[in-house]
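Here are my notes on this one, as promised. Have the viewer open while you go through them.

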Amino acid sequence: MPEGTPLYTELTVKEFVSYMAELKGVKSKPRKEMVERVLSEVGLENVQNKIIRNLSRGYKQRVSMAGALVGDPAVIILDEPTVGLDPKQITEIRDLIKELGKKHTVILSSHILSEVSQICERVVIINHGKIVAIDTPENLENKTKEKDTILLTVEDPKENMKQLQEVVKEISEVRFIKDNEDGTKQYAISSSGELDLRKKLFEVLPKQEIVIFELKKSESTLEDAFIKLIDTTSSKQVEEPSKEKEAQKAQKKEQKAKEKEEKAKAKQAKKEENKKKGGDK
């Protein structure tokens, strides 16, 4: 199913799905039953006799999906299926895709990574035509997240956060993130080893006259994982051509030196040959 939902808008919903079934070689006898089943699966029973051009974009997406589903394909490829839909339509289409995944292999192409995280069981990330990662959304998020980091928002008029690392020895790093408009400050606190510092910070910070506004573990999203993986592979791709150029330069230099040496040998051989001919005379 392509992103642009190409449909014959002068047909009714049922006519279009029936036509798609005919194009896919579904025999006339089971065709009617199959069309009705597909219309039911994608929630189009109530609009099956309406002209497609009079439907909302959300329903047009469903019609396009019905056209892809008819004929019972083993694999369904959906390209940006929720683009341009309102929040209600997006939720409905996502629920529909999840249901389709129970009976078919669904390949979803999307740049909306929050959607991918909610719908997909496995993710393939591609950069410049090359696969850079294949895993579950959860594993990709866990692999790229900052380990044992706590996000802390505090009010610290005496700036005692600067001495926090000396007070709590388990802290490996206190990184200032930003000043908030309400006068609070946000920090990222990292621990040395797999240690949850939240309980310790709740005990220590009030004693240091630091007021806690928010304290939570840093969570990584699929967007974070995507950006880190793309940045890593892009930097490698920049390094690889430069190394390749250096190798090519070295190879050319070596080739020139070899040619120069061969010319010198040929010149010397010719000189010796001429000298020999002169001696024979």
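The points below go through the strands and one surface patch.

1. First, a caveat: this is a predicted model, and the remarks here should be read that way.

2. Start with strand S1, residues 75-79. Ile 76 and Leu 78 sit on its covered face, while Val 75, Ile 77 and Asp 79 are on the uncovered one.

3. S1 runs parallel to strand S2 (residues 105-109), and five bridges join the two. To get from S1 to S2 the chain goes through helix H4 (residues 87-100), giving a right-handed β-α-β crossover.

4. Next, the surface. Val 124, Ile 126, Ile 131 and Ile 134 make a nonpolar patch of about 380 Å². Strand S3 (123-127) and strand S4 (130-135) each contribute at least two of the patch residues. Ile 131, which lies in S4, counts as exposed because its relative accessibility is 54%, against a cut-off of over 50%.

5. Then there is an open four-stranded sheet, ordered S6-S7-S5-S8 and paired antiparallel. Strands S6 (171-179) and S8 (211-217) are at the edges with a single partner strand each, so one side of each has no neighbour in the sheet. From one strand to the next, the twist averages 20°.

6. Last, a closer look at one pair in that sheet: six bridges link S5 (residues 149-155) and S8 in the antiparallel sense. Here Leu 151 is opposite Lys 216 of S8.

Notes: Residues are numbered from 1 along each chain as its sequence is written. This is a predicted model: local features need pLDDT of at least 70, side-chain atom pairs count only at pLDDT 80 or more; totals for chains, interfaces and linings use all residues. Side-chain values use heavy atoms; hydrogens and water are left out. Buried means under 20% relative accessible area, exposed over 50%, partly exposed in between (1.4 Å probe, protein chains only). Two strands pair if DSSP finds at least two bridges between them. A crossover is right-handed if, with the strands pointing away from the viewer, the path from the first strand over the helix to the second runs clockwise. Patches are made of residues with over 30% relative accessible area and no salt bridge: like charges are joined within 9 Å, nonpolar side chains (Val, Leu, Ile, Met, Phe, Trp, Tyr) within 5 Å. Accessible areas come from the Shrake-Rupley method with a 1.4 Å probe; for residues, only the protein chains shown count as cover. A salt bridge is a side-chain nitrogen of Lys or Arg within 4 Å of a carboxyl oxygen of Asp or Glu. Axes are lines fitted to C-alpha atoms, for helices over the stretch in contact, and angles run from 0 to 180 degrees between N-to-C directions.
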